[in-house]
Amino acid sequence: FPSHDTGLEIGSTVFDFFMDGRSAQHPVMIGTMPGIPGKDNNKHDVPLEARGSTRINKPLQGPEPKSAFAAKYPHNKVTKTKQGHVIEIDDTPGHERIHVYHKSGSYVEFNEAGRMVTKVVNDNYSIIASNDVVDIKGNATVHVTGNMDYTVDGNINISAGGDCNITSSKMT
């Protein structure tokens, strides 16, 4: 019986014993091993991503880099739900990464160098109940294809160590 609470799947090998001996009414499961059902059933208990392949389709958008996926069995620990959500903790030597994927296509991925890619395919909200500090040691680029509104209840201070250029095709 598949269970979302225990992770058991049909075809898994179960290590157990019965507390009540031959009566066999009170089983105690002490562990499982992934199973591969018979040849007629193509379902595999070990997710495809853990075996070094993936069906996750992440079409690139804008400057989004290609996924760092390069998993090799048995280094990628994968939790995959029936609906298609995936959490990977990959210790493949030289390709270590963490990947959390939502079936909608939104995801966050950290690669072996510490690069983080976050993709949100619908609305994104960031609520900060106190202070927020952003410190960028390199360059920053913000590209908005729609409109941008800034509302500040206090002051805005802009300081530039070099030129400060504002260009508009239409001034109002």
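Guide: Strands here are DSSP runs (E, at least two residues) and helices are likewise DSSP runs (H or I, at least four), numbered from the N terminus. This is a predicted model, in which local features need pLDDT of at least 70, side-chain atom pairs count only at pLDDT 80 or more, and totals for chains, interfaces and linings use all residues. Residues are numbered from 1 along each chain as its sequence is written, and side-chain values use heavy atoms, with hydrogens and water left out.

Visitor: In what order do the elements of the chain run from the N terminus on?

Guide: The order is β-β-β-β-β-β-β. The chain has 7 strands and 0 helices.

Visitor: And what share of the residues count as buried?

Guide: Of 172 residues, 17% count as buried, that is, under 20% relative accessible area with a 1.4 Å probe and protein chains only, where exposed is over 50% and partly exposed lies in between.

Visitor: Turning to Glu 88, where is it found?

Guide: Glu 88 lies in strand E4, which spans residues 86-90.

Visitor: Buried or exposed?

Guide: Glu 88 counts as buried because its relative accessibility is 1%.
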